Amino acid sequence: MSWKKQPFLFYPLLVCLILFGIDKFFFFPVVVENTHSWKKIERSFYELKEDLYQVLLEENKKDPTKKIGLIFGSSRSGEFDSDQIKKFVPNTNSFNFAAPLGPPSFQYYWLQRMLEEKLPISYVMVEIDPILFTRSSIDYSLNGSYDMGFVMEHLDFYRSKSADPWKTDADGFSVDEVETYFLKKLFALYKYPLDPSAIKANNKEIEVGFIPVAGLGITGKEHKRGYLDKIKLANRIKFGALPNEIKFANADFFLEKDAENIYNQYLKNYQLASTQIYFFKKIVQIMEGKNIPIVFYYPVVAEPLRRRMEESGIWKDFHRETFSIIRTLDSKPNSPYFIIDPVSDNRWTCKDFVDSLHLSGACFSNLLPILFPKDLTGSN
């Protein structure tokens, strides 16, 4: 049977190809800018880490004698500024790869790339927190933040299940996570679902009182465009850090309410992700014998949220298990590490929070000497 005699057999394939081509139209930046909500900025922090990486390589090429510090974590670590850290770790440019809910898988992805480049790394700082180990933490990072080779290399086909995620024999991303990754990578309308209300909001002038520039004829998409430019500028001037300009402390009643909301959203039905436990173990393993100090940082949270985590038992279990994994470095020569929980340090006195997760920008100067001890590199 010749296809020329019965061409209708190929019509379904032709329709699929046409639809696939139409879908690609929604990947164009100008289309994304108009159809994807201007308020959804989190994904851009992940995507622009590639831009920061190129800045890192350029800086290293300009001055190979200058060492490199690496900071990984969530938005709570986004404040750490290279200029401030130089006071504690001299002759070092610190590059901040923190991203909203930046999970261990994303941390390991970039750490591995840096180590493969044989860069002169002075130290590594890794934020570890129960929320970063939940299933929800991977959502942003699956939006194309990894390259395909990394995802396929760490595809876990035969994951065994266990009632205790810490004992699950995970070997990378689950099949469902990889499926989500490729759907978002290949299909624009899966990555950027069409939302007619977003189209209207993106082209509407921001309401007075929303942000300082409101009332100046700034539309939502123009505000987002300016914010992305700000991130790119921060990559070059602050090496990825975004200083927290909010210096005030929020009221206790607000922090109580916010802690309740955060707890209900992320921790009430706490489900650890075996994928994130696997990649956290990989972070520890890849640092074995490198003779590069690594700081494991348990980020501070407002007292109401910390109290809920402790009362539920989440904090105790999480701290015990992660501490046990880190301590495997004890038996590995040339594997220096520091475990730092500022809550247990009497030097931590500035305890002002803008919400239950984020410390006031005024308090980071108090935090830095705790996170970067004098014996970190042996040079200060």
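Predicted model: local features only at pLDDT ≥ 70, side-chain atom pairs only at ≥ 80, totals over all residues.

Residues are numbered from 1 along each chain as its sequence is written, and side-chain values use heavy atoms, leaving out hydrogens and water.

**Helix α6 with helix α13**

- Helix α6 covers residues 104–116 and helix α13 covers residues 274–286. (Helices are DSSP runs of H or I with at least four residues, strands are runs of E with at least two, and both are numbered from the N terminus.)
- The axes of α6 and α13 lie 8 Å apart, at an angle of about 30°. (Axes are lines fitted to C-alpha atoms, for helices over the stretch in contact, and angles run from 0 to 180 degrees between N-to-C directions.)
- α6 and α13 are therefore roughly parallel to each other (an angle under 35 degrees).
- On the α6 side, the contact (heavy atoms within 4.5 Å) is made by Pro104, Ser105, Gln107, Tyr108, Leu111, Gln112 and Leu115.
- On the α13 side, the contact is made by Gln276, Phe279, Phe280, Lys282, Ile283 and Ile286.
- By class, this contact has 8 nonpolar, 4 polar and 1 charged residues. (Ala, Val, Leu, Ile, Met, Phe, Trp, Tyr, Cys and Pro count as nonpolar, Asp, Glu, Lys and Arg as charged, and the others, Gly among them, as polar.)

**Helix α13 with helix α15**

- Helix α15 spans residues 314–326.
- The axes of α13 and α15 come within 9 Å and cross at roughly 30°.
- α13 and α15 are therefore roughly parallel to each other.
- Phe280, Lys281 and Val284 of α13 meet Thr322, Ile325 and Ile326 of α15.
- The residues in this contact divide into 4 nonpolar, 1 polar and 1 charged.

**The cavity**

- The structure holds 1 cavity of 30 Å³ or more. (On a 1 Å grid over the protein atoms alone, a cavity is a set of points where a 1.4 Å probe fits but cannot get out, and lining residues have an atom within 4 Å of a point.)
- The largest cavity holds about 40 Å³ of space. (Volume is the space filled by probe spheres set on the points, which are joined across faces, edges and corners.)
- α4 gives the most to the lining of the largest cavity, with 3 residues.

Definitions and conventions
Parallel < 35°, antiparallel > 145°, perpendicular 65-115°, else oblique. 1 Å grid on protein atoms, 1.4 Å probe; cavity = no way out; pocket = protein on both sides within 12 Å on 5 of 7 lines; lining within 4 Å.
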